[in-house]
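Let's take a friendly walk through a protein model, one stop at a time. Please keep the picture open as you read.

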Amino acid sequence: MNAQLIHAVDYSTQQQHAFHARLTAFNARRFRPALPAPGWERQLGRDLQMQVEEGDYLESERLAVQPWLGDLPSDADSFMRWFENLRGSGPGQSDPLFPWLANTADMTSMRWFLGQEVAGEAGFDDLVALTQVRFPTTPKMEMARNYWDEMGRGHEHGMHGGMLTNTAREFDLATTVEETVWEALALANVMAGLAANRRYAYHSVGALGAIEMTAPGRVSLVNEGLKRLGVSARGRQYFQLHAGLDVRHSEAWNREVIFPLVSADMSCASAIAEGALMRLRCGERCFQRYRAEFGF
């Protein structure tokens, strides 16, 4: 690790990291396939306490994005324009981190960045699968198409998660939770919490839509940086693919998922907006932390 990537951690950051490390472990366990085991009643009690802590945290994240919601429209067409404007005006957009990665970052810095991104990856395919449960037909069908793309349309070599694994292998990434900054852990924990709890289902729709809508520009710049550093096509396939594919995914998600939902019931619009802003704010925190680690 370069000396410029090492900086002192204050106590509040230690507290944040400890909480999100516990929540990361909780999410890993609750989503992992398991078998019945003795003591499940006691485990449920521990899970309930963790879910209360998770809920408190998600509510604090909801509260933090309220300043962005003052001009939220009250009709579906205007809401879609407001939502799509987040691509340029939302938290964390046009962050200078990504041009720096494209044009300046050395291999050590790029490797550290990728380690954080991979360690904080929540698994888009699983998030979509969790979110789509019991939604109306039109949104559900688009989420199914999105999931099918994530799964390589039935071909293992085309699975998007596998492509990211190829990147991790090329860089020999094995970033532990202890080495992952709390902001990256928080991003994954927020996405998992929104998708896993049905009271946040509409928030998850907004958060996933925000990813599809804002990712192409960032991943395109990461791909440029990887190509500049001589990374193989296989190692950067994940980023190269999403630079174009997510544009189409975003258009379809907005048209087939969000618009039908708000057209049928505008009361869900604020939840979709909150979810999008929560995700973007999590990303903004990561970008700021990464820049601090890199010294600019």
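Predicted model: local features only at pLDDT ≥ 70, side-chain atom pairs only at ≥ 80, totals over all residues.

Helix H3 (residues 76-89) packs against helix H10 (residues 201-228) at an angle of about 50°, and their axes are 9 Å apart. Those axes are lines fitted to C-alpha atoms, for helices over the stretch in contact, and the angles run from 0 to 180 degrees between N-to-C directions. H3 is therefore oblique to H10; angles under 35 degrees count as roughly parallel, over 145 as roughly antiparallel, 65 to 115 as roughly perpendicular, and the rest as oblique. The crossing of H3 over H10 is right-handed, a word used when the near helix is turned clockwise from the far one by less than a right angle, while anticlockwise is left-handed.

Which residues make the contact? From H3 come Phe 83, Glu 84, Leu 86 and Arg 87, and from H10 come Gly 206, Gly 209, Ala 210, Met 213 and Thr 214. Contact here means heavy atoms within 4.5 Å. Sorted by class, the contact of H3 with H10 has four nonpolar, three polar and two charged residues. In this sorting Ala, Val, Leu, Ile, Met, Phe, Trp, Tyr, Cys and Pro are nonpolar, Asp, Glu, Lys and Arg are charged, and the others, Gly among them, are polar.

Residues are numbered from 1 along each chain as its sequence is written, and side-chain values use heavy atoms, with hydrogens and water left out. Helices (H or I, at least four residues) are DSSP runs numbered from the N terminus.

Now look at Ser 250, which sits in helix H11 (residues 237-264). Setting aside residues up to four places away in sequence, Ser 250 touches Arg 87, Glu 212 and Met 213. Ser 250 counts as buried because its relative accessibility is 4%; buried means under 20% relative accessible area, exposed over 50%, and partly exposed in between (1.4 Å probe, protein chains only).

Val 219 belongs to helix H10 and is also buried, at 12% relative accessibility. Val 219 and Gly 244 are 25 residues apart in sequence, yet 9.4 Å apart in space from C-alpha to C-alpha.

**A second pair of helices**

Helix H2 (residues 40-64) and helix H12 (residues 269-294) pack at about 95°, with axes 9 Å apart. This angle makes H2 roughly perpendicular to H12. On the H2 side, Tyr 57, Leu 58, Glu 61, Arg 62 and Ala 64 meet Glu 274, Met 278, Arg 281, Cys 282 and Arg 285 of H12. The contact of H2 with H12 has five nonpolar, no polar and five charged residues.

Leaving out neighbours within four places in sequence, Glu 183 is in contact with Arg 285, Cys 286 and Arg 289. Glu 183 lies in helix H9 (residues 182-196) and is buried, with 8% relative accessibility.

**Out in the loops**

Ser 94 is in the loop between H3 and helix H4 (97-103). Buried or exposed, which is Ser 94? Its relative accessible area is 73%, so Ser 94 is exposed. Asp 172, in the loop between helix H8 (160-170) and H9, is exposed at 58%.

Conventions
Helix = DSSP H or I, 4+ residues; strand = E, 2+ residues; numbered from the N terminus.
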